[in-house]
Amino acid sequence: MKALLLEDIHTSSQEVFDDAGIEVLRRPGSLDEDDLIAALDGVELLGIRSNTRVTERVLDAVPHLQAVGCFCIGTNQVALTAAAERGLPVFNAPYSNSRSVVELVIAEILALARRLTEKTERLHNGIWDKSAKGSHEVRGRTLGIIGYGNIGTQLSNVAEALGMRVVFYDIADRPAHGNARRMRSMDELLALADVVSLHVDGRPGNAGLFGAEQFSAMKPRALFINASRGMVVDDHALRDNILSGHIAGAAIDVFPIEPKAQGDTFESVLRGLDNVILTPHVGASTLEAQEEIGRFVAGKLTGFVRQGSTALSVNLPGVQPAPLTVGTRVGLLHENAPGVLARLNQTLATTGNITAQALATAGELGYVVTDVDSTTPEDTLDKLRADANTRWVRTWVPNQVV
């Protein structure tokens with residue numbers, strides 16, 4: 001089995017794939033549709049970061065592909081519904097880089113509040129500008145967090161340790177950490193926050209979430225940070241509010257259009273503005289985060305092809321079976337319809353004793369993993385494949401190397 005890893009995925013993944021007997025092919029950058037299809041010839045596993053797009057056309061062209069790993073948080077670069085329809089699990093790293101993003105945001109809050117980028121630029125230009133004008137402490141200021149998930153909650157805790165007040169808004173019912181206060185609406189948060197930081201996901205409904213109306217609702221001279229998704233913010237509206245002085249400064253790590261490769265030209269309407277920090281999508285770009293992401297996602301991919309685990313898959317029902325020690329494991333991805341489990345068990349019971357079983361459903365799909373204490377004959381598997389509700393059938397044996 002072969003895995004293709006793009007976009008400089010950390011070498012910590014190598015040991016995981018080596019242990020599973022999987023050959024690894026690496027490419028330093030992202031690939032467009034045609035090049036990706038060509039590169040996936042003879043490849044069963046694909047690892048990407050944020051710049052490679054796995055479209056429905058790509059999936060149609062590579063039916064032999066077994067799983068996709070997004071070595072990052074976001075998965076909107078993959079046609080998730082199309083992948084699910086083809087029985088292709090997609091995995092990501094929802095937790096591994098949270099601390100790195102939080103530390104970047106904290107650094108940006110401090111730098112913006114003290115206008116450090118302007119100070120250092122002037123010194124590099126030989127200008128001594130020792131002034132307190134426009135510089136503030138963050139202690140006692142209010143941080144408004146929009147999106148209170150893994151990153152938002154960690155940011156909340158660290159900001160409070162710096163003496164900041166924290167308010168947050170999230171469409172999900174999430175518990176407050178520390179002394180943070182939930183806001184009933186985004187407008188309520190914007191009216192209070194001295195710093196607004198976005199930490200929402202890349203679902204289509206979040207496109208254009210923050211534009212001219214939201215900027216106008218912010219407190220005069222507030223600071224703005226986006227380390228979530230580029231498509232969430234109207235950068236033209238942000239530029240207008242920076243130039244008017246309504247927004248005192250901003251830090252942006254993600255952009256609607258980002259260069260594909262190292263060294264490519266970067267274009268943005270935010271270039272050249274005072275007290276605006278622009279970073280090239282490096283929120284998760286610490287050695288610690290990338291090392292952890294490499295191990296984590298590689299483990300999810302190998303866990304699927306070696307044991308049938310779909311735990312933390314973003315598009316298939318999540319099943320995490322216990323390690324297989326004897327007999328055969330049969331994995332059945334099926335349409336979520338009455339009678340499938342009964343027919344499966346009746347068929348498998350003719351060849352051996354069922355020793356363990358785990359089932360999960362999600363929407364139109366169900367996934368069941370069944371352990372049998374004996375070898376399952378091919379004609380039995382053929383009966384399962386022939387069932388009208390079956391999407392695919394796979395088998396595993398103990399200590400399988402793929």
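Q: Which residues does UniProt list for "domain: D-isomer specific 2-hydroxyacid dehydrogenase catalytic"?
A: The unreviewed entry lists residues 4-315; such annotations may be inferred rather than shown by experiment. The model here is predicted, with local features needing pLDDT of at least 70 and side-chain atom pairs counting only at pLDDT 80 or more, while totals for chains, interfaces and linings use all residues. Residues are numbered from 1 along each chain as its sequence is written, and side-chain values use heavy atoms, leaving out hydrogens and water.

Q: Why are α12 and α13 called roughly antiparallel?
A: Helices here are DSSP runs of H or I with at least four residues, and strands are runs of E with at least two. Angles run from 0 to 180 degrees between N-to-C directions, and over 145 counts as roughly antiparallel. The axes of α12 (residues 340-348) and α13 (residues 378-385) cross at roughly 165°, so the two helices are roughly antiparallel.

Q: What makes the meeting of α12 with α13 a contact, and which residues take part?
A: Contact means heavy atoms within 4.5 Å. L344, T347 and L348 in α12 meet T380, K383 and L384 in α13.

Q: How do you know that β11 and β12 pair?
A: Pairing takes at least two bridges found by DSSP. Three bridges join β11 (residues 247-252) to β12, so by that definition they pair. One link is I252, whose bridge partner in β12 is L278.

Q: What makes β8 and β12 stand at the edges of the sheet?
A: The open sheet has the order β8-β7-β6-β9-β10-β11-β12, with parallel pairing. β8 and β12 each have a single partner strand, so one side of each is left without a neighbour in the sheet.

How values were computed. Angles under 35 degrees count as roughly parallel, over 145 as roughly antiparallel, 65 to 115 as roughly perpendicular and the rest as oblique.
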